[in-house]
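Here's a quick briefing to read alongside the model. Have a look at the structure first, then go through the notes below.

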Amino acid sequence: MEEGEKNRNIRILHSGVFTPLRRWGTKWSLWPCHFVTSCCGVELAHAFACGFDGERLGTLNMGIARQANFIIVEGTITRKMAPALRIVWEQMPDPKFVNVIGACGQRGGIFWNSYNIVHPSDVVPVDFFIPGCPITPEGLLRGVRAVQEKIEGRDRTTIEFKHVDLPSVEKEEHRVPTTPKIFAPTPAIRVDVPREVDWDFGKEVVNNLKAQLGGLYNSIAITDKNRIAIKTTPENLMEVARKLSDSMGIDHVKNVNVIDVAHERKFIVEYMVSGYSKELMPVIITIFTEIGRETEAEAEPGFPSLTPLWESANYSEREMHDFFGVSFEGNKGMNEKFLLAPDTPEYPLRKDFKVEEELYVLEEGVPLAPTIKPPEELTMPVSEETLDEAEKNDEMVACIGPHHPGSGHLRWIMRLKGDVIVEVNPDPGYVHRSMEKLAENRLYIQNVPLFERANISDPINMNLGYVRAIENALGVEVPERAKYLRTIMAELSRIGAFFYDAGIFSLFTGHSTGFMYVWAIREMILEAIVRMTGSRCTPSFIIPGGIRRDISDDVLELTRNFTFAIDTRLRKFEDIFVTNPVFIARTKGVGVLTREDAIRCGIVGPFLRASGVEYDIRKAEPYEVYDQLDWEATTGDAGDCLGRFLGRLEEIKQSVGIVRQAVDAVKGMPRGNVISEEILGEYKEVSDDIRGYFFRVYGNLVLPKGEWTSITEASRGTLLYSIISDGESNVPYRVRVVTPCWMNLRGIIEASKGERVADFWTVYGSFGYFPPEADR
Amino acid sequence: MIDINSIISEMTTEGSQVIIPLIQQMLGLLPDIPMIKLMVSFILWKPIFAALICPGFSTLGILLLFFPWIERKLCARIQWRVGPREVVRWLGGIIQLLADTLKFIFQEVIIHKDAHKFYFLQFPLLTFIPALLPILFVNIASADAEYPLVAIQSPYAIQIMLALICLFPVFILGMGWASNSRYAFIGTVREAFMYFAYEVPFIIAVLAMIILFGTSGSVAITEWQSTWWRWGIICNPFAALAFFIGSAMATSRLPFEIPEADQEVAFGPFVEYSGIGFGLVYIVCYEKMYVLSALMTMLFLGGGNGPYIAPLGDLSGAVWFLLKTIIVMTTLAILRPIYPRYRLDQGLGMGWSAILFLALIALVLSIIMRSVGMVL
Ligand code: SF4
């Protein structure tokens, strides 16, 4: 960025004879080109939806660079996104303004030491920063007003501050606090620590496996209830997988994970697989092997890919290739980067790549946040192969995104033949903020807010999944009341996420009213969550062992009342959108995924259920109090866009029912005691409100050695956290998180094949894809 | 040497001046200076009045300035919002479009490298030709007025208007082509397809009305519909419906906003336009809406017919006409918050099946009514 760019636009506005007209016109007609890069985008949508209605200020939300004159950068700009930001900025006509919202956009916020972020102010000249994580809609609109004032000529830098001399205080010597983190120097990493559990079916399965696999395995262990680990060698891996698939009906991969054990010069590669038959549903079988780390000759150790057998492993393998440089032989995407930008550091998740450490004292001359060089290359090439192939077959290649009103934040490279889509290739990673790496450098408890940022349209479920993995490891039993309250919050969050999807879906089909209606409902849900937790989108309220503090009855009563309001408004939404003949014509029979296809691509959650697989973790492996309430899992068998959408509407109704029942149940319970006493230890007196004791209780949490996997049903599907602990450090050795959207990406690609161009957005919208959640 | 007096006498012959009793006295007070008198009579000369004041430029200008605001406000109300309001708060944001226009005027106009510069710049201006000319043929006087109020009287008024309106997509295709971008390309092709979809039923619907009226002069049509039960929409509702859907398609309103779908092709043909270029194409869409609504009012809603408002004199018809036109425009605008968007093939399919069928029924109905000599 050159120096002269700063305030250039104001200079343009203030030149010439027409200055007053020019200023007035621009002031009242700031058309923002929203740059929904990350979670803050949800709050931006709230600011322009009916709750706050940014259009009052004359700002008409536009997605298109040429017609807009104002960029609102929402949150994190990653290395991959930075060129896009610059290009969009260059494309806009002068005079133009830039606001950056969210802590991430300033000095990185919670992701300050990530390897994949860039400071937007290094890329484009920024007029105003609006702090918050996320910002509130009011804050955003305040930012718009600030720009308007700046255009009028009221410059904040000219404000005179009054200087006050305070009586000087005698300086005390402060001891520099040491970092609270403990890293074991040479940790022993095992993913198959056996555990005695009461699980007869598991023992049966293990015996079966032993008989069938013969000499193909090294060891088989039950690591927890519903978890089995099989150790094998790279050579035998494919054979083992095939045997599992043939004889047991294992049909999908839930997770591909690599663990770098640098001091032993090896990688552990593991596949978590499972099947959708009734008894196998809750079971996760981990097949893992060890391979040597890179040799002198080749930087990327090879490993047989399981994609030919289970396609659902495809994208995760490519992701692991980016992260660790393990080359999965047999997977076609191994020769290019998938999630990372061309100029991100190589193999960032290997242990020898270190991210910046937190500073506990400020020293003179040491910058608060690392200086990050913005990328210089501004092109975003499409792979030669795609272009060649398209040329050969007389097709057109169109790139949708990463900045496009209907792309979300990833790039879709489409090959079109006339009006028909031949193939869509995704180019994700524009919101990849490297959560998995950052998690390795923070205390267990510090990761709670981190993972919540994966998806702030569904924060509570994100939070719950991680906390459950910890509780599972520690063997903590959560008090009954806390369980109920967690369920209420999780379901509210689920309703909110589904409404979010419904809103985006209606926008994608061109129906802005539907969007506004559901956003009004979301406003109510957020209000309920604010009353409970104090934060709109990122409460971090669920902590290992319970919840932060008890929730009073009047708030619960309010929540219950909200559910009735949700019902009424939902009916209005159905009247205007769901029963709209145009909508039905657009979605019925479009983007069909059959049961087999759906399982093959590994899609999860309501989208899988819409294709006829009755897999809902809340039923299959009930957690919290889902088994004590009366509700039904929704399944359908149409597998088309309409089915996927209606299925989720039905789930909203079920969730509303769950909330009501749970509220009724909680009201009858005695107040207090919402944090498990096992985890509180000597601080039992704070079991109804942890305030003031938080760090004392949680600062030194250490998980037992082994791999701890939790699966929960987040709103968009199976959410898997897998924490690997060495049993000594108070930071995780590795955290693997597989978000539902990441798995659903493959489904979008599959479902839009052969459809018409306009149907791509129907398919995309029907999948409720949330890029920050997928990219993490 | 021009003889001013003879021109004045030409302009002031019986029936060729617009007579508005309300301001007639004021005009009488004007000093008898030839120049001013000339100017006033010139402006009040009916053809000029029609072209410049109503329904021509001035009306159009005012409407264009306020209609987008009305539309945004309406949308907002339907969507539980308030819409533009803060600009000049005590006016309720009514001059929002003025701000937008000023912004557009003073914004940089970007001509990107790949554009065909010459055509890229001239097409937004050229689109005004088909958008403005049809207004010259619109008659806004009511049937009981002795003299029509129209700029150009022609027995083929409707056909000429139709021809001009159908020229419109050509310019949009030109814009898309000159933009030379992928989205513009897709949008342009979509525009071309949609053109095929609506044009035939649209023309047949108009044809049905011409057959029913037995004339295509704008004055005669207004006279034919002198009482409300002889309005086109009541005599031939099928034609009215086909025409209405056709105009929704022609103006790219939802549910047929297929060529410009911003979530899909980012405004299609207009994707590369910025500054005043975009301002023009943004305005032209509304202008097209105005022309089509005026045509609809003329053909189906009885033109300027309505109760005579004495103080307004000749303008009485104009008031009714404008009122009806605005109602049609508003109806078109309300489609936006109510419907999602059809897919291209669905739009095409509809054009060639349901709407064509509707138009044909209308045609047959008209022929039957005509041949049995139905005179209500
Ligand atoms: S982490 Fe998310 S919510 Fe927080 S500032 Fe960044 S983008 Fe916004």
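Of the 13 residues around the ligand, the ones that come nearest are A:Cys39, A:Cys40, A:Ala103, A:Cys104 and A:Cys133. Keep in mind that this is a predicted model.

**Ligand shell**
- Sorted by class, the shell around the ligand comes out as seven nonpolar, five polar and one charged residues.

**How much of the two chains meets**
- On the chain B side, 54 residues are in contact with 65 residues of chain A.
- The area buried between chain B and chain A is about 5100 Å², and carbon and sulfur atoms give 61% of that.
- Within chain B, the residues that lose the most area to chain A are B:Trp80, B:Phe106 and B:Gln263, which together make up 15% of what that side buries.

**Polar and charged pairs**
- You'll find six salt bridges between chain B and chain A.
- One of them pairs A:Arg66 with B:Glu272, with the closest N and O atoms 2.7 Å apart.

**What chain B brings**
- Elements giving two or more residues to the side of chain B that touches chain A include helix H5 (57-78), helix H10 (182-213) and helix H17 (344-371) of chain B.
- H6(B) supplies the largest share of that side, eight residues.
- By class, the chain B residues on that side split into 31 nonpolar, eight polar and 15 charged.

How values were computed
Residues are numbered from 1 along each chain as its sequence is written. Chains are lettered from A and ligands numbered from 1 in the order in which they are written. This is a predicted model: local features need pLDDT of at least 70, side-chain atom pairs count only at pLDDT 80 or more; totals for chains, interfaces and linings use all residues. Side-chain values use heavy atoms; hydrogens and water are left out. Contact means heavy atoms within 4.5 Å. Buried area is the accessible area (1.4 Å probe) that two parts lose on being put together, summed over both. A salt bridge is a side-chain nitrogen of Lys or Arg within 4 Å of a carboxyl oxygen of Asp or Glu. Helices (H or I, at least four residues) and strands (E, at least two) are DSSP runs, numbered from the N terminus. Ala, Val, Leu, Ile, Met, Phe, Trp, Tyr, Cys and Pro count as nonpolar, Asp, Glu, Lys and Arg as charged, and the others, Gly among them, as polar. A residue is near a molecule or strand if one of its heavy atoms lies within 4 Å of it.
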